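Hi there,

Here is the structure I promised to pass on to you. Please have a look at it first; my notes on what turned up follow below.

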Amino acid sequence: MRITLNGRKIELDAGWAFEVRERYGKPNDIVILNGFQIEEDCKISENDILNIITKGVMPGKDELESMMMARHTPRVHSEVKKGKVAVAGLGGLGSNIAVMLARVGVGQLLLVDFDVVEPSNLNRQCYSISHLGMPKTAALKKQIQEINPFVKIELRDVRVAENNVRELFEGYDIVCEAFDKPEAKAVLVNTALEQLPDIKVVAASGMAGCESSNLIRTVKPMKRLYLCGDLENGAGTGSGLMAPRVMVCAGHQANMVLRLLLGMEEA
Amino acid sequence: MKLNGTYHKLDKSQTLDEFLKTRGYNPAIVAVELNGQIISKGEYENTIVDDRAAIEVVRFVGGG
């Protein structure tokens with residue numbers, strides 16, 4: 001039968017997963033079958049996806065990507081690898097969204113931000129001490145290349161405005177709105193929906209403080225607009241932005257992007 | 001007319017700009033869809049809303 005083993009399609013004569021491990025791997029290798037790490041032997045079927053991983057051994061590049069995606073629900077990765085997603089704003093939302101999409105294996109990411117990393121970013125943004133002073137685009141690209149080297153990354157160190165939205169985001173399937181100021185959010189959402197008739201926008205509104213995480217949700221107010229957040233709690237003096245709630249909101253946005261890339265259009 | 005899924009009676013037709021302001025929306029921080037079409041900000045003062053309109057208004061708050 002034909003199965004995919006560590007990313008390669010092979011023809012073999014075997015009925016059980018541990019049999020394949022015996023033949024191709026070592027006795028203590030972990031075995032991941034169709035997205036699940038199995039502790040007991042399982043029968044294998046035509047077109048199954050098997051990954052056999054030796055801990056402590058760096059795999060070759062041809063096997064690395066398959067092993068990295070071994071725990072994905074089958075067929076998700078091949079779909080998201082076709083995806084082209086833009087992240088506008090690389091702060092608390094954007095930096096975390098970009099990293100999640102890299103882990104998921106999105107094919108191409110456009111990262112847009114004009115700013116540099118500074119100390120007050122570190123309470124919620126996906127940067128480290130070693131990135132202080134670096135442009136956010138470069139700092140994020142460096143991290144993503146170490147998380148998933150197979151993602152194609154484009155960078156633009158610019159401030160998004162009404163007059164560059166079309167040129168920046170043309171050709172992308174989805175743009176994540178990850179700005180800070182409500183006026184900037186409105187400009188991006190309005191302009192992208194008006195001028196890019198095929199694009200979908202995943203925006204955010206309301207994630208300040210430490211109210212219940214359960215207030216953060218995803219809604220679909222318009223045909224091509226998704227909105228994540230609690231829609232109420234804006235940042236302001238006395239109302240800060242902190243990692244947990246910001247990352248819950250970023251998670252909502254990243255999961256909505258994943259769903260869209262898989263053809264699921266409901267929030 | 002319908003606003004964000006709820007029905008309201010609109011006695012007098014008005015511009016979208018007036019409609020938003022009388023309901024406490026700041027036009028600079030919203031996105032508006034009227035009868036299924038996104039309305040450009042520059043057109044808020046030229047667009048008329050009447051009692052048959054179906055409007056979605058998304059208001060953005062800061063943070064991200």
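Salt bridges between chain B and chain A, by contrast, number 0, the rule being a side-chain nitrogen of Lys or Arg within 4 Å of a carboxyl oxygen of Asp or Glu.

Before you go further: this is a predicted model, in which local features need pLDDT of at least 70 and side-chain atom pairs count only at pLDDT 80 or more, while totals for chains, interfaces and linings use all residues. Residues are numbered from 1 along each chain as its sequence is written, chains are lettered from A and ligands numbered from 1 in the order in which they are written, and side-chain values use heavy atoms, leaving out hydrogens and water.

Back to the two chains. Chain B brings 19 residues to the contact and chain A brings 30 (contact means heavy atoms within 4.5 Å). About 1800 Å² is buried between them, with carbon and sulfur atoms giving 63%; buried area is the accessible area (1.4 Å probe) that two parts lose on being put together, summed over both.

Now for chain A itself. It is divided into domain 1 (2-70) and domain 2 (77-261), with bounds from an automatic or database domain assignment. Their centres, taken over C-alpha atoms, are 34 Å apart. Domain 1 of chain A gives 5 residues to the contact and domain 2 of chain A gives 10. The area buried between these domains is about 570 Å², 73% of it from carbon and sulfur atoms. On the domain 1 side, Glu65(A), Met68(A) and Met69(A) lose the most area, together 80% of what that side buries.

Glu65(A) also forms a salt bridge with Lys81(A), at 2.8 Å from N to O.

Lastly, the rings. Arg21(A) sits over the face of Phe18(A), 4.2 Å from the ring centre, and Arg159(A) does likewise over Phe114(A), at 4.1 Å. The test asks for NZ of Lys or CZ of Arg within 6 Å of the ring centre and within 35 degrees of the ring normal.

Best wishes
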